[in-house]
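Reader: Got a model open here and want a quick tour. Can you walk me through it?

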Amino acid sequence: MSLSIKMDIDAVEDVTCLDPELLQLPDVSPFALKASPQLVEDFFSQWLSLPGTGHLVKSLIDDAKSGTIVNASANFSTLNAVGSHSLSSMFPSSNAPPLSPRSSSGSPRTSKQKSSPSALGSPLKLVSEPMQEIIPQFYFQNGCPPTKELKEQCLSQINHLFNNPLNGLQIDEFKAVTKEVCKLPSFLSSALFRKIDVEWTGIVTRDAFIKYWVDGNMLTMDIATQIFEILKRPGCKYLTQVDFKPVLRELLATHPGLEFLRNTPEFQDRYAETVIYRIFYHINRSGNGRLTLRELKRGSLVAAMQHADEEEDINKVLRYFSYEHFYVIYCKFWELDTDHDFFIDRENLIRYGNHALTYRIVDRIFSQAPRKFTSEVEGKMGYEDFVYFMFSEEDKSSQPSLEYWFKCIDLDGNGVLTPNEMQFFYEEQLHRMECMAQEPVLFEDILCQIIDMIAPEREYCITLQDLKRCKLSGNVFNILFNLNKFVAFESRDPFLIRQEREEPTLTEWDHFAHREYIRLSMEEDVEDASNGSAEVWDESLEAPF
């Protein structure tokens, strides 16, 4: 081939491409050619070296430059025959690879609509423009609009409920709209009403509700997003504890299971605070006090709200809303807070669980290593801090608890628990065993037990992910700083083990709260009986309930 022809081929290389099927080599499968680009290049180079190829290519380039219609089907057929003969000479009949079966209906290659070599007139095929495919809109800034059928059905319900002379509803009449139209828990009614009645007129009109719920595309959102949009303040992308207070106020005012609290506003506030603290403890995994939509969707709050709205016995709603659980938490706090200033110091907390915790772990808690206190009083934790501590202590199987105690044991904050760090906390446990005349267990034996239990990816280096993978990881912390639970684990009660297996949906916290509530209620009955038999008794010593 002359130099000029090669230069002309290079000049058009950027606008052309070689299709292996245009070579039409019957002895070689097209799929093999496409899978081996170098083989195609070798065949193409051999084709270029054939007699007459240089003349054909030169004439095609000249025709393309002059604008003449390119038609080389006759010449191409001749050259292709020559090329096929040359290919056969490369593969002897005994060594030729077999062709894959061809089917006119099953081959994805033959099902495609494409031009034949004769239509193109050249084995050098020009790159065709890709077909434009219209993709339907899948992102809507203000939410996906409702379908015509859904919108008509919703409007029919709205017209029925708003059919009155005022063409609107007051706040005490709005609950039916929340339940029937919005399909939301009834105790969100006031929050939804205030969200629409921004002018505080006391009435939500039919048009105002349609504008917010239907035209605002709230109708097509999932329930978690609907609740998030209703509760969050304008301009915010998260929920705070304050945003849940209207919901808890309406729950306390309307739920039949909480009717007995209506004459005790102080305990209403404590119950609402406890529920909110529980919500943020379990769902706000970042711990920054800002609950995002993603966290709300990943948590179990929406299901718990629906359960609380349907269940008359609030104590059966174990997630977040159980009054018995609140009773246990508040009474525990009241017992430790001896001066009733609503703060707990180190000496108060060391008495928790019949002096179950070591001084070293209590010091780590008050150093605020696992969580910064909200009490803003030096050396003391408030009620919210105590709620976080108590849930972490009594349910070490939960991920928030594992994160809480991991930060306590990780003295250098490098994200790894080393034998030295674990030994630091276990030394006090060992000393307590000796003082109680119990047979001491050496740390070397304890370390082997912990490593066998957790099976970390790196030996003697336990990470938080290692703990989260193991179902028994909570026992590691009991071994290190809670002697009572450590001894209980070593001598496990078969009855409790069988009970846990029979009720797999109940958490360690659920079992603990149930036992404690029975104990506290029995103590209160005994105390009431003794106070009733006494002629004079001090009201200041009365239990909080």
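Predicted model: local features only at pLDDT ≥ 70, side-chain atom pairs only at ≥ 80, totals over all residues.

Reader: How many helices and strands are in the protein chain?

Author: The protein chain has 29 helices and four strands. Both are DSSP runs numbered from the N terminus: helices are H or I with at least four residues, strands are E with at least two.

Reader: What share of the residues is buried?

Author: Of the 545 residues in the protein chain, 41% are buried. Buried means under 20% relative accessible area, exposed over 50%, and partly exposed in between (1.4 Å probe, protein chains only).

Reader: Which residues make the nonpolar surface patch?

Author: Ile-135, Phe-138 and Tyr-139 make a patch of about 450 Å². Patches take residues with over 30% relative accessible area and no salt bridge; like charges are joined within 9 Å, nonpolar side chains (Val, Leu, Ile, Met, Phe, Trp, Tyr) within 5 Å. Tyr-139 sits in the loop between strand 2 (124-126) and helix 8 (148-161).

Reader: Why is Tyr-139 called exposed?

Author: Because its relative accessible area is 57%.

Reader: Switching to salt bridges. How many are in the whole structure?

Author: A search finds 23. A salt bridge here is a side-chain nitrogen of Lys or Arg within 4 Å of a carboxyl oxygen of Asp or Glu.

Reader: Which residue does Glu-403 pair with at 2.7 Å?

Author: Arg-285, taking the closest N and O atoms. That pair links distant parts of the chain, 118 residues apart. Glu-403 is in helix 22 (residues 399-409), and Arg-285 is in the loop between helix 14 (265-283) and helix 15 (293-298).

Reader: Buried or exposed, those two?

Author: Glu-403 counts as buried, because its relative accessibility is 19%. Arg-285 is at 35%, so it counts as partly exposed.

Reader: What else does Glu-403 meet in a salt bridge?

Author: Lys-468, at 3.0 Å, N to O. This pair also links distant parts of the chain: Lys-468 in helix 25 and Glu-403 in helix 22, 65 residues apart. Lys-468 is partly exposed, with a relative accessible area of 26%. Elsewhere, salt bridges that share partners join Lys-332, Glu-516, Arg-519 and Glu-523 into one network.

Reader: And Lys-396? What does its side chain meet?

Author: Glu-393, in a salt bridge of 3.0 Å, N to O. Lys-396 and Glu-393 are both buried.

Reader: Back to helix 14. How many residues does helix 14 have?

Author: Helix 14 has 19 residues. From first C-alpha to last, helix 14 reaches 27 Å, close to the 27 Å expected at 1.5 Å a residue. The expected span is 1.5 Å times one less than the number of residues. Helix 14 is mostly covered, with 14 of its 19 residues buried.

Reader: Now serines. Where is Ser-392?

Author: In helix 21 (residues 383-394). Ser-392 is buried, at 0% relative accessible area. Its side chain makes a polar contact with the side chain of Tyr-281 at 3.1 Å. A polar contact is a pair of N or O atoms within 3.5 Å; within protein, one must be able to donate a hydrogen and the other to accept it, and residues adjacent in sequence count only if both atoms are side-chain atoms.

Reader: And Ser-473, where does that lie?

Author: In the loop between helix 25 (464-469) and helix 26 (474-481). Ser-473 counts as buried, at 2% relative accessibility. The side chain of Ser-473 reaches the backbone oxygen of Leu-467 at 2.9 Å. Leaving aside neighbours within four places in sequence, Ser-473 is in contact (heavy atoms within 4.5 Å) with Leu-402, Ile-454 and Leu-467.

Conventions. Residues numbered from 1 in each chain as written. Heavy atoms only, no water. Areas by Shrake-Rupley, 256 points an atom, 1.4 Å probe, with all protein chains shown as cover.
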